[in-house]
Amino acid sequence: MVRGLVLASFLWPLILGAAVWQRASGEHPAWTTVLYLASGRICHQRPERSFSTAGAQWPVCGRCSGLYLAGPFGALAGLLLARRRSGKAAHSLALLAVPTVVTIGLEWTGLAPITNELRALAALPLGGAIGYWIVRAASGAPRSISYTGQ
């Protein structure tokens, strides 16, 4: 199951890319419509916050694109390192979320303009961390917290 999860994490951005490619070519087959509708349930898909290729808007925004592009690499690392113990789960996830949180804060306060490229780049560390920890959890990797009986 864990290997399937890692494989799916690599397939998802490829499927998103295939949908963009299909739409950029002027075709709108039913599967791309379903994909865009499903993606719209997890992403706002605002045009000004989404990448566009040859006039076709991506099915997810720039930030989600960064998450989905990095997730597979984190998932692969989680698979390869599943047997190692780590007590830094919450700390590393929180630390790797900092770039995303900073860009969101800058956007909401209006202190700095944030581009789609910056949103995607800032989301890469968090996407990798999420992929890593989901796979570790799914693989039943050794837990960092154990009961000592005291």
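Q: A crossing is left-handed if the near helix is turned anticlockwise from the far one by less than a right angle, and right-handed if clockwise; in which hand does H3 pass H5?
A: This is a predicted model, in which local features need pLDDT of at least 70 and side-chain atom pairs pLDDT 80 or more, while totals for chains, interfaces and linings use all residues. Residues are numbered from 1 along each chain as its sequence is written, and side-chain values use heavy atoms, without hydrogens and water. Helix H3 covers residues 62-80 and helix H5 residues 116-138, helices being DSSP runs (H or I) of at least four residues and strands (E) of at least two, numbered from the N terminus. The crossing of H3 past H5 is right-handed.

Q: At what angle do H3 and H5 pack?
A: The axes are lines fitted to C-alpha atoms over the stretch in contact, and angles between N-to-C directions run from 0 to 180 degrees. The axes of H3 and H5 lie 5 Å apart, and the packing angle is about 30°.

Q: How many charged residues does the contact of H3 with H5 have?
A: Contact means heavy atoms within 4.5 Å. Gly66, Ala70 and Gly74 are among the H3 residues that meet H5, whose partners include Ala123, Gly127 and Gly131. Asp, Glu, Lys and Arg count as charged; Ala, Val, Leu, Ile, Met, Phe, Trp, Tyr, Cys and Pro as nonpolar; the others, Gly among them, as polar. Beside eleven nonpolar and nine polar residues, the number of charged residues is three.

Q: Which elements each supply at least two residues of the lining of the largest pocket?
A: The lining of the largest pocket has 14 residues, with Ser9, Gly71, Ile130, Gly131 and Ile134 nearest the centre. By class, ten are nonpolar, four polar and none charged. The elements are helix H1 (2-24), H3 and H5.

Q: Which elements give two or more residues to the lining of the second largest pocket?
A: Among its 15 lining residues, Pro13, Leu14, Leu16, Gly17 and Leu69 lie nearest the centre. The contributing elements are H1 and H3.

Q: How many residues apart are tryptophan 12 and tyrosine 68?
A: The structure holds four aromatic pairs, in which ring centres (for Trp, the six-membered ring) lie within 6.5 Å, with planes under 30 degrees apart stacked, over 60 edge-to-face and the rest tilted. Tryptophan 12 and tyrosine 68 pair edge-to-face, at 6.0 Å centre to centre with 90° between the planes. Tryptophan 12 belongs to H1 and tyrosine 68 to H3, and their separation in residues is 56.

Q: Near what value is phi of glutamine 45?
A: Most residues other than glycine have a negative phi. Glutamine 45 lies in the loop between helix H2 (30-40) and strand S1 (52-53). Its phi is positive, near 55°.

Technical notes
A crossing is left-handed if the near helix is turned anticlockwise from the far one by less than a right angle, and right-handed if clockwise. On a 1 Å grid over the protein atoms alone, a cavity is a set of points where a 1.4 Å probe fits but cannot get out, and a pocket is an open set with protein on both sides within 12 Å along at least five of seven lines; lining residues have an atom within 4 Å of a point.
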